[in-house]
Amino acid sequence: MSIHYRRQGSAIVVLGNTYAYKDQLKALGARFNGVDRHWRLPLTPANLDSIAELCANAGGGCLESSATSNLVIAEAPSLPAAAAATRALLSGSKELTEDQRLPEGQPLPEDQGLTLRQLMTQVETAVMRAFPKTVWVIGEVQNLSRRGGHIYLDLAEGRNDAHANATTTVRAIIWSSAFAQIEARRGTDKITEVLQDGLQLRCLSQVQVYKDRGSITLIITDIDPNFTKGALALARERLLKELRAKGLDRANKNLPLPPFPLRLGLISAAGSRAQSDFLDQLTCLKYPGEVLFCSTSMQGEQVPKQVVSALKLLMAKSCDLIVITRGGGSAADLRWFDAPEIAYAIAQATVPVVAAIGHHDDVCVAEEICHMRQKTPTAAADYVVAILLDTRRYIDTIAAAMAKTLDDRIQAVSVLTAALVGRLHVAAEKALDYRSLALTQLGHSLQRTAVSRLHQAMNQLNDYKTRIGLGAERLLGNFRTKLVELMAALERRDPTNWIAQGWTRLSGVQGLVKSIAQVGAGEILRARLADGWLHMQIENIEAADASDEKQK
């Protein structure tokens with residue numbers, strides 16, 4: 001397991017089987033280059049002596065010629081000088097320091113500049129001098145992925161200046177061996193909670209320059225999970241304080257619970273254990289209502305938007321109660337329910353919201369401000385059914401109280417009725433005796449009155465009979481006299497005598513003929529005789545003279 005070293009510019013490169021000596025190399029400020037698979041550290045006399053001794057003890061040595069090894073090594077510049085050199089290289093300045101110049105005896109390029117490899121070598125050396133030890137770096141985790149046991153991610157930080165939408169991003173790597181040590185030191189659960197996209201991460205990192213890609217990479221050797229949890233707790237407490245200041249922290253809690261939550265809204269992930277546990281418990285408890293299910297993601301950046309949309313949709317469908325549930329999870333998994341969008345949606349909801357999101361002591365903001373928090377989906381189902389059972393017990397209590405009140409009233413009425421029956425019996429007998437006496441007296445009075453009225457009626461009847469007889473006789477006498485007169489008048493008007501004496505009556509088309517004006521020549525007339533009728537035709541009409549009238 002020998003290792004070797006060589007000098008490369010202003011750095012010392014260590015090669016070979018270096019894994020067993022990595023701690024000693026790190027103690028000297030060496031950085032591992034994952035691309036070239038070697039260690040690099042600044043070229044100083046102390047570092048050169050230490051590396052030479054380490055390689056000699058491991059059975060290795062220097063890979064350079066003896067002529068090269070006799071070169072005098074200048075003392076490494078201070079950190080400010082290295083940083084200034086780096087800035088000069090990156091800004092394209094042509095005024096190079098002693099450390100930036102090529103070694104003596106090496107011909108300069110024709111354009112008096114550096115090749116890219118020379119530039120990146122100088123940058124790498126400057127970075128190694130500027131950051132000889134690991135540093136704690138804070139950034140937001142992005143693009144987290146795992147490949148071959150290693151973890152790759154970006155650490156990003158937004159800008160607070162005019163370029164608000166711009167971010168500074170650095171690539172970071174956690175080698176599998178380092179990750180195993182971090183998990184053993186910090187705990188697997190804690191590291192899993194904080195190592196997620198979107199969380200602020202504080203990590204101990206080695207700053208390395210990848211010359212082939214021209215980029216800076218952070219090699220993470222440790223993670224501070226308490227920093228991430230503290231940042232989450234701070235944001236959570238800030239949101240709760242804002243809700244309390246606006247009076248929204250108890251808005252949903254103050255909504256009255258429906259006594260009959262028979263139209264239930266459920267927000268959960270489709271096919272999740274939380275959904276099945278909740279629905280299975282309702283089935284076991286024989287829940288009589290209906291459940292309107294709205295599927296949403298329960299983890300990830302899309303959670304706030306989908307949960308808010310689901311709340312609005314279920315309220316539009318007139319749900320009596322809404323349940324938000326998921327199958328627990330770590331504090332980092334539950335942080336999506338600390339989002340202000342969900343908190344304000346619950347606070348402004350017109351329907352009571354029951355949240356069963358985190359288990360045990362993991363309480364998110366959504367659970368803090370909802371109407372009721374339950375630990376598990378099963379407990380949430382129990383709570384919904386318990387509302388119905390409480391309503392039923394309340395109804396049973398009222399029914400029992402009403403039944404008791406009714407029994408008491410019936411008993412009181414029975415006692416009162418019994419007393420009244422006795423009193424009514426006595427009163428009825430008295431009233432009956434009184435009425436019987438009054439009826440007897442009334443009978444006698446009616447009898448006397450009836451006899452008196454009968455005598456009066458008989459007297460009036462006899463009087464009417466006398467008066468009617470007199471009146472009838474008088475009327476009959478009048479009728480006889482009138483009848484005689486009528487018979488005389490009738491006899492006078494009877495034409496039979498006249499006809500017997502030779503007089504006749506003529507009738508024509510227009511009826512009884514009384515004047516010549518009623519007939520005309522040729523008209524047929526009928527003449528009435530004593531023994532029949534004559535039909536005569538008029539041949540001539542002659543008017544009578546005045547003398548004839550006189551003769552008549």
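The legends below describe an overview and several close-up views of a predicted model.

Residues are numbered from 1 along each chain as its sequence is written. In this predicted model, local features need pLDDT of at least 70 and side-chain atom pairs count only at pLDDT 80 or more, while totals for chains, interfaces and linings use all residues; side-chain values use heavy atoms, with hydrogens and water left out.

**Figure 1. Overview of the protein.** The protein contains 15 helices and 18 strands, taken as DSSP runs numbered from the N terminus (helices: H or I, at least four residues; strands: E, at least two). Of its 552 residues, 33% count as buried; buried means under 20% relative accessible area, exposed over 50%, and partly exposed in between (1.4 Å probe, protein chains only). The protein exposes about 34200 Å², of which carbon and sulfur atoms supply 56%; accessible areas come from the Shrake-Rupley method with a 1.4 Å probe, and for residues only the protein chains shown count as cover. Among contacts (heavy atoms within 4.5 Å) between residues at least 6 apart in sequence, 63% join residues at least 24 apart.

**Figure 2. Helix H9 and its cover.** The buried residues of H9 are Ala274, Gln275, Phe278, Gln281 and Leu282. Seen down the axis of H9, these buried residues fall within an arc of 140 degrees, so they line one face of the helix; the arc is that of the directions from the helix axis to the C-beta atoms. The face turned away from the buried side carries the exposed residues Arg273, Thr283 and Cys284. The cover over the buried residues includes E10, strand E11 (290-295), strand E12 (321-325) and helix H13 (377-493). Lysine 286, which follows H9, has a positive phi, near 60 degrees.

**Figure 3. The surroundings of alanine 356.** Alanine 356 lies in strand E13 (residues 353-356) and counts as buried, at 0% relative accessibility. Leaving aside residues up to four places away in sequence, alanine 356 touches Ile324, Thr325, Arg326, Glu367, Gln374, Thr376, Pro377 and Ala380. Alanine 380 is 24 residues from alanine 356 in sequence, and their C-alpha atoms are 6.3 Å apart in space.

**Figure 4. Salt bridges.** The whole structure holds 11 salt bridges, each a side-chain nitrogen of Lys or Arg within 4 Å of a carboxyl oxygen of Asp or Glu. One of them joins arginine 185 and aspartate 222 (3.5 Å, N to O). This pair links distant parts of the chain, 37 residues apart: arginine 185 in helix H6 (residues 176-186) and aspartate 222 in strand E9 (residues 215-223). Arginine 185 is partly exposed, at 46% relative accessibility, whereas aspartate 222 is buried, at 8%. Arg185, Arg186 and Asp222 are linked in a network of salt bridges. Arginine 373 pairs with glutamate 367, their closest N and O atoms being 3.3 Å apart; glutamate 367 is buried, with a relative accessible area of 3%.

**Figure 5. A nonpolar surface patch.** Phe260, Leu262, Tyr394, Ile395, Ile398 and Met402 form a nonpolar patch on the surface, with about 600 Å² of accessible area together. Patches are made of residues with over 30% relative accessible area and no salt bridge; like charges are joined within 9 Å, and nonpolar side chains (Val, Leu, Ile, Met, Phe, Trp, Tyr) within 5 Å. Leucine 262 lies in the loop between helix H8 (225-245) and strand E10 (263-268) and is partly exposed, with a relative accessible area of 35%.
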